[in-house]
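User: Hello! Could you walk me through how to read a few features of a structure?
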Amino acid sequence: MTVTADGTTTHRLGEPPAGSWNAATFFVYRHLEEGRGERLAFRDPTRSLTYAALAERVARFADGLTTLGVQREQRIALLLLDTVDFPVAFYGALHAGVVPVAINTLLPAEAWHTILADSRAVAAVVSPALWPRLAEVRPRLPALRHVIVTGQEAPDDTLALEPLLAGARADRPPADTHADEVAFWLYSSGSTGRPKGVRHVHASLWWTAALYGCGVLNLEQDDLCFSAAKLFFAYGLGNAMTFPLAVGAASVLWPERPTPEAVLAILREHQPSLFFGVPTLYAALLAQPELGPGAGSKRLRLCVSAGEALPREVGERWRERVGVDILDGIGSTEMLHIFLSNRPDALRYGTSGRPVPGYECRVVDEDGRDVPRGELGELWVRGPSAAEGYWCQREKSRRTFLGEWTRTGDRYRVDEEGWYHYAGRADDMFKVSGIWVSPFEVESALMAHPAVLEAAVIGRADANGLIKPKAFVVLREDRTPSAALADELKAHVKAVAGPWKYPRWIEFVDQLPKTATGKIQRFRLRERERAATAGERAG
Ligand code: 3UK
């Protein structure tokens, strides 16, 4: 974004969307008019699509949906692995004014049932490998009229995508949607409770591409993106499906699990210029002995991390070995993409950077008043890509979307120079001796110890019913648990984080409970601990 002399703002992507505007026209069809039809848009392990081929399939998919009787504003579920079929179904739905709901493919059948029932999806597009899981719950989804399986084969009571496309028209114009009309939904699991259907409008796709994709990453037509984070996740959706298409660039898609081995093989084979991952993956890649300059890609110019905070050491070690920076930035399903971030020209490892131009951030106390600089508070954000609200969860919507401001539920501190320091989720905080303790801070201290791979900290009641920190620690492969090591870790935290913050109990574990997107589920550890201490009292 550039601010001109008269105070107005301009974007490399032109005028912001207003009035009648369909995102499929902007991200797909515009490139044909601008002469990019023969350029690559997407590549997966078996197929690739030029912009011309993508446009044709998108238009055919839209027509196919309409022929099936799927109507504007109805929802269709996408249960798709990352292949070239994902953008076809997503943009095809937008073209028809139908609302795609991208669903986490890693969830069990019952969770899919909850989401499909909640969204009242009338059709689902599913990868062949995922169909058996959907089949388990289909009989209990009365609103679900059509199941479209990608490929040539239609098992049981389904339709196959390829014949559907072959029999459809490619010349129907896109639905006359409004820029402010709901375009698609994403489900956010949150740390507890029922999943929330987050409803986003057409224009938000443009804003995230303009403010972050162009404004921070400086994407150009010759870039090639590779996101280890999947397309069903808001992070992956921006990285691999909307940002590259905003500028006529391309994206490599990988349908399988992004193991460190697979990711390095893709970097070598496709030579992407941008790579997007989560902190755990960067740490795992650093443990690969063959990791070297560019992580195997001569064209690699920038890496991005989001989803949870990137530990400073991981960023610094990556920079040293790979020779490319990792930009840590925080985004959310509610804001669609990253709104607070490091930049290629303004980077401080161990922080989330500064607000992305076009977004504003505040750090506030419990009454919504700005806290003094340097103090902890909750992060609020204001910007043009905020969601419309949660579907059928009015109370939660009212608590999260406060007019122009969106509450993140994250604790932050802003230092003297304006860098934002992450301090954990507001709901994971607890008080020890009347002083707030952020589990994140104790975890960071533990992880700075050479024996520790990962750690999670919760508050647990002691014999007097007073809350004290307890740590669950995963050790590095070459270390073994011992009482002496536990004592050493306690002393280490006392020295690094402050004496009252050290974990009074340390439990060594093989792994930590995590969400499908890799976030530590401290609430599960709290539940486990409550059950265990209740047992102790009863016994
Ligand atoms: C946490 C971070 C510290 C934070 C997301 C990029 O993660 C995304 O969306 P979700 O809705 O989760 C949002 C929550 O995740 N978080 C995300 N990034 C960071 N914490 N440092 C970070 N860099 O608690 C936030 O409230 O799953 C990430 C783009 C789009 C996204 N949706």
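**Helices and a ligand**

Analyst: Helices here are DSSP runs of H or I with at least four residues, and strands are E runs of at least two, numbered from the N terminus. This is a predicted model, where local features need pLDDT of at least 70, side-chain atom pairs count only at pLDDT 80 or more, and totals for chains, interfaces and linings use all residues. Residues are numbered from 1 along each chain as its sequence is written, and side-chain values use heavy atoms, leaving out hydrogens and water.

User: How is a pair of packed helices described?

Analyst: Two packed helices are described by the angle between their axes and the distance between the axes. The axes of α1 (residues 23–33) and α8 come within 9 Å and cross at roughly 45°; axes are lines fitted to C-alpha atoms over the stretch in contact, with angles from 0 to 180 degrees between N-to-C directions. The crossing of α1 and α8 is left-handed, meaning the near helix is turned anticlockwise from the far one by less than a right angle.

User: At what angle do the axes of α10 and α11 cross?

Analyst: Helix α10 (residues 279–286) and helix α11 (residues 312–322) cross at roughly 45°, with axes that come within 10 Å. That makes α10 oblique to α11, and their crossing is left-handed.

User: Which residues are closest to the ligand?

Analyst: A residue is near a molecule if one of its heavy atoms lies within 4 Å of it. Here 21 residues surround the ligand, and the closest are Gly307, Asp328, Gly329, Thr333 and Asp410. They divide into 9 nonpolar, 7 polar and 5 charged, where Asp, Glu, Lys and Arg count as charged and Gly as polar.

User: Which polar atom of Asp328 lies 2.7 Å from the ligand?

Analyst: A polar contact is a pair of N or O atoms within 3.5 Å. For Asp328, a side-chain atom lies 2.7 Å from a ligand nitrogen, while Gly329 places a polar backbone atom 2.7 Å from a nitrogen of the ligand.

Notes
A polar contact is a pair of N or O atoms within 3.5 Å; within protein, one must be able to donate a hydrogen and the other to accept it, and residues adjacent in sequence count only if both atoms are side-chain atoms. Angles under 35 degrees count as roughly parallel, over 145 as roughly antiparallel, 65 to 115 as roughly perpendicular and the rest as oblique.
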